[in-house]
Amino acid sequence: MRRTLLAALLALAAPSTHAGGEASGSLIETLAQRGSVTCRPALRYFCLNIHAGCSGRSTIAAVPFSVEQNGDQASLSYPEGEAPDAALPSSGPLTVADDRAYAIVRLRPAADYVRLEADGRYNIRIYVRGTAYMSRGECE
């Protein structure tokens, strides 16, 4: 029983790994060290709500993007060179939580944002003609 308990405790204390199998730190630390992270959406489209699944599927495409930090500012860049939809904002101020549990890029216009979680998850909210749309996924 002691061995089983010890093995369980060691497994909990082991560093987390991503798909490549390498131990990794927080996504927020990665962004600070490398200056950028790459993100992949879980779905190919934005939704009206993503908290309990996708409700209100939109016609706005969700595509991979990078978040690039430059001081207290951050910008989003896309593989094809521009956002897949004109509705997607591209830059704004970066705020990192004191405990580095998350970071928020306040995109322009003012209410749009990308929230990066320390564990690698992200969610993005944009407003198009007064309607909020959301996407979520993973970054590394």
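Biologist: How many nonpolar, polar and charged residues are in the lining of the second largest pocket?
Modeller: Four nonpolar, three polar and four charged. Ala, Val, Leu, Ile, Met, Phe, Trp, Tyr, Cys and Pro count as nonpolar, Asp, Glu, Lys and Arg as charged, and the others, Gly among them, as polar. This is a predicted model: local features need pLDDT of at least 70, side-chain atom pairs count only at pLDDT 80 or more, and totals for chains, interfaces and linings use all residues. Residues are numbered from 1 along each chain as its sequence is written, and side-chain values use heavy atoms, with hydrogens and water left out.

Biologist: Which strand gives the most to that lining?
Modeller: β10, with four residues. Strands are DSSP runs of E, at least two residues, numbered from the N terminus. A pocket is an open set of points on a 1 Å grid over the protein atoms alone, where a 1.4 Å probe fits, with protein on both sides within 12 Å along at least five of seven lines; lining residues have an atom within 4 Å of a point.

Biologist: New topic. How many aromatic pairs are there?
Modeller: Two in the whole structure. Rings of Phe, Tyr and Trp (its six-membered ring) pair if their centres lie within 6.5 Å; planes under 30 degrees apart are stacked, over 60 edge-to-face, the rest tilted. F65 and Y78 have ring centres 6.3 Å apart and planes at 50 degrees, so that pair is tilted.

Biologist: And how do F65 and Y122 pair?
Modeller: Edge-to-face, 5.1 Å centre to centre with 85 degrees between the planes. F65, Y78 and Y122 form one aromatic cluster.
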